[in-house]
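Hi there,

Here is the structure I promised to pass on to you. Please open it first, and then read my notes below with it on your screen.

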Amino acid sequence: MRKDYNLEKRKYIIGGFLIVIALIYSIRLFDLQLNDERYKKSADSNAFLKKTVYPSRGLMYDRDGELVVYNQPAYDVMLIPRDVKPFDTLDFCRTLHITPDRLRKRFEDMRNSPGYSSYTPQRLIAQLSSQDYGRLQEKLYRFPGFFIQKRILRQYKHAAAANVLGNLREVSSTDIDNDPYYSPGDYTGDLGVENSYEPYLRGIKGMEILIRDAHGRIQGRYEGGARDIEPVSGRDLTLSLDIELQEYAEKLMQGKRGAVVAIEPATGEILCLVSSPTYDPRLLVGRNRGENYTMLTRDESLPLFDRALGGAYPPGSTFKPTQGLILLQEGIITTSTPYPCYHGYINGGLRVGCHGHASPLPLKPALQTSCNAYFCWGFKNMIDRRSKYGSSANAFEVWKKHLVSMGYGYKLGVDLPHESRGFLPNAKFYNKFYGEGHWSANTIISVSIGQGEILSTPLQIANLSATIANRGHFITPHIVKAIQDTVLPEEYRRVRRPTIDQKWYPEVAEGMHMAVLGGTCRRAAIPGIEVAGKTGTAQNPHGKDHSAFMGFAPYENPRIAVAVYVENGGWGANYGVPIGSLVMEKYLCDSISPGRKPMEEQMLNSTISYAKPKKQ
Amino acid sequence: MPSPRNNDATPSVFKHLDWTTVFIYLAMVIAGVISIYAASYDFDEASMFSFDEFSGKQIRWIGLGLVLGLVVLLSDARMYETYAYPVYVLCLVVLLVTPFLAHDIKGSRSWLSIGPMSLQPAEFAKVATALALAKLFSGYNFLLNAKLTNYVRALLIILVPVVLILLQNETGSALAYMSLFLVLYREGMSGLILFAAVLAVVIFVVAVKFSAAAFMGVPAGEFCILVLVMLIIVGMVFVYDRRLELPRNLLIWFGGTLLIEWILWGLCGIQLPGMALLLGTIGVACVYIAVEAVKRHRPKLFIAVCTAVLAVGFMFSVNLAFNKLQPHQQKRILVVLGIVEDLRDAGYNVNQSKIAIGSGGLTGKGFLNGTQTKLKYVPEQHTDFIYCTIGEEEGFMGSMAVIILYLALVLKVIAIAERQPRPFGRVYAYCVASYFIFHFCINIGMVIGLCPVIGIPLPFFSYGGSSLWGFTLLLFILLRIDAARKQYN
């Protein structure tokens, strides 16, 4: 038979064609299987539905073990956008009692929210009522791609301590960027203990890995649940707060702006921390949170601002005990050094007024009568003593160092967010203002009586009170007494000692005791309990003087130290003293003695009207 | 011609049998059953051999298929040549009546029920067509190029079943017959026709795919095609002239003008009428070649000129033709070319099968561990998309193994073809090779997203009795003819 060798060569073309195709396919396979991780991820996201299981958030108890903050379930409507098939929108709206417009809006918001992805669960509607939840659950099969996620919301036993307890809010994109724990739609603590103890409270999220087929039907658990991660509940907290005392103090502060802080001196535990005006913490729970939050931020009395920690006020006469301590420590005075008072401090053409009392006086009576002149003289003798310090600036730095050690000028380090550091000027500040060497004690004399540049928070004042009650030491104030299964951070157990010798504290304490027995704080006296106290009447640029008080009781073995600050309340004795003493009496005796009932009534019912600041 | 040895052919068939091919065949069907079991495995662990499962049913098909193969091996080899035409005609009749007897299954009327079995006559018609074509070529002194009527007869044999199958709405099966042009090529058809077909596909793909970007003021796709045309002109002139002078001059001309244009456009930033310049360059070259062809009496050079003109013309008509297509056809083409990402509709199958294969990695997820296929993300995964299961569970190694098996099978069949002493065996063998090449290229190409989705099975792997029996018959008839090649010289 004939054979055409020219044509036979064509077998190479045909074979070669096949080999080229096989080669192209091999390269393609290499690219798909070995070069591109994307397909692996797609296969996983196809097959595995990772469902977050939220842990139960840690509960909060008050110091007596009473439950204060607990959890309630809520149900979010979730969906995975790419799994959603066209559904009966009207039926959906009817089930949840929302208008189609609102649903459209929700879809829009969801798509615009940070971290939106059509492959991961997205939240469409938050916090269904249990009736809506029940109805939707029954019909859920009609809405492919949708599911219901159980979430945990907070609930509060008492309409009190909103500033201390805090609340939950949805995480922002910044939170997600800063902490990989969070995913869009998670909640995190906002304000108060919820915020500062978030890592303890939130626990650890769990995960359920479900297998899902092409129709979105769940086929079961992946490897029978062996790879699931169990959620770990958050830790419960026991607060040092006495919730009854807190409620009582909040009532006393009704109608007034200001703060009340009470501390157990021996431990530094905060017994109550009132910022007034306050709000019901339940306002910030549930579907109306956003609305209520906006309302609170727009309120010009700033209810969300914690005045007890963040308010920086001139301390006024509550500052005088610190002055006495510094003067004694620096040897400027002895307990018997008298200074004159001619209705005030008059020196070098300067006059700081005072009220009528005997003259001259040593330290204790000066504290008792809250003599301005005494502390001005003492301050002048210290700051202008060049023989000892070389210059006023050096003397002032020494003065400042003592105050810092007492907790002024810097954050105390309380376990709550948004603490202010107050303000304590240094020599450099005055050098800049007046020029180096161009200022002396008289230039800045008002700081000696807690006026002028000095600012402190009510917490710092309460801490001073606790330090004097302890006769010379304090523990950093803190609101959490115990954390479940772990110990309190060391900083809330460690004793801090100011740079003042402990032997001087009883002197100042006695001066404060005398103020209650027969001085400016007579209204602070509680029947059957020895009380020490110091009033404060702070001039300020916002109108009437602020009324302040700090004190502790009992005088021996004190169990409570308080600071009260009432904005524009006038004399310290007007509001500060009665509120402070009522808080102490309530804590120590559990009830108010009949003789002081009228005073209690007066405090509960009085209001101060705050004129709107003039617009300029 | 019958020899006395004819009578004891029975024992000698196993002696001359090409056992390598048989082993490749067995490896493929066994791997196929395992893959089908994996593809249809549904968490509740049914046995691979259960007749309720696709794998069990496939085993039954394979068993019967092997019996069929054995019958073929024991039959008289000459019978196939003798009865080629009658069998072909019978098949055509069956194909003709099928649409009237068949039930509508997914829009296609191609299944005939015979007792408990459903068979697709189109698969068996492949065998008959191959036999008929081989018979045509085995005619005394038959030469394809001898006269035009030979082409007509060959084309008739190929196209009549194509038309009948198209009537059953089985476009994929019908297209498989087009692969028989490879046989015509082997038997003398001009390579230019295949070359033109390949060039047309390349021009189409490039023109559609790169129509967005622009280069030298010309759409990038069209720029590439025009440069390709220049290279083809040079190549063809070189082949047909065998002298270096002409192609060298053309290279200098093309290279020079392109370089100048690029400097003006790219470095000096001058806007050029790019398309006109490129066409002008090619036009001048064509005139030059034509003049040379006339001057030196080389009429073959006109082929280069014609190719250039036709290719450029085709390029311009592509956009026109593309816009004439139905929107869903346009979309399919755009999805395959990777221009449009469509994960819901036309692209869903391909995307899911790419995910399945791509997630396999080097060694795969392991037997029965593929999530894509287990959870039914890939459609038709035990039939047309069976290659996904292999890709997902056996990874790159498994996928490559299948490609190598196919390469081995087809190259083996080509080798068998070339050792046939008679045109009948050779042509038949090339028909077999062509079918395998087509199914391999289109099926795997579609699964890995390189070809449009055309529903045809992967021979010996995909579930289905008709395809398995059809290809088994095809292969074993070849083996039978091959085993007898020395007897009927």
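F48(A) stands opposite I211(A), a residue of β8(A). Before going on, please keep in mind that this is a predicted model, in which local features need pLDDT of at least 70 and side-chain atom pairs count only at pLDDT 80 or more, while totals for chains, interfaces and linings use all residues. Residues are numbered from 1 along each chain as its sequence is written, and chains are lettered from A and ligands numbered from 1 in the order in which they are written.

β1(A) and β8(A) run antiparallel and are joined by six bridges. (Helices, H or I with at least four residues, and strands, E with at least two, are DSSP runs numbered from the N terminus; two strands pair if DSSP finds at least two bridges between them.) The open sheet here has three strands in the order β1-β8-β9 of chain A, with antiparallel pairing. Its edge strands, each pairing on one side only, are β1 (48-53) and β9 (218-221) of chain A.

**Where the chains meet**

In all, 31 residues of chain A are in contact with 39 residues of chain B, where contact means C-beta atoms, placed from the backbone, within 7 Å. On the chain A side, α1 (5-8), α2 (10-33), α3 (38-47) and β8 (206-212) each supply at least two residues. The largest share, 15 residues, comes from α2(A).

**A covered strand**

Now look at β20 of chain A, residues 560-566: seven of its seven residues are buried. (Buried means 20 or more other C-beta atoms within 10 Å of the residue's own, exposed means 12 or fewer, and partly exposed is in between; C-beta atoms are placed from the backbone.) In a regular strand the side chains alternate between the two faces of the sheet. In β20(A), I560(A), V562(A), V564(A) and V566(A) point one way, and A561(A), A563(A) and Y565(A) point the other way.

**The nonpolar core**

V562(A) comes back here: V260(A), V261(A), A262(A), A462(A), V562(A) and V583(A) touch the most other members of the largest nonpolar core, which has 121 residues. (Such a core is a set of buried Ala, Val, Leu, Ile, Met, Phe, Trp, Tyr and Cys residues joined through C-beta atoms within 7 Å.) Helix α16 (residues 372-383) of chain A gives the largest share of this core, eight residues. Domain 1 (53-211) and domain 2 (245-294 + 301-605) of chain A both give residues to the core, so it lies between them; the domain bounds come from an automatic or database assignment. Leaving out residues up to four places away in sequence, V562(A) touches, among others, M550(A), G551(A) and M584(A).

**One buried glutamate**

Not counting residues up to four places away in sequence, E507(A) touches L328(A), T335(A), L363(A) and K364(A).

Enjoy exploring!

Key
Contact = placed C-beta atoms within 7 Å.
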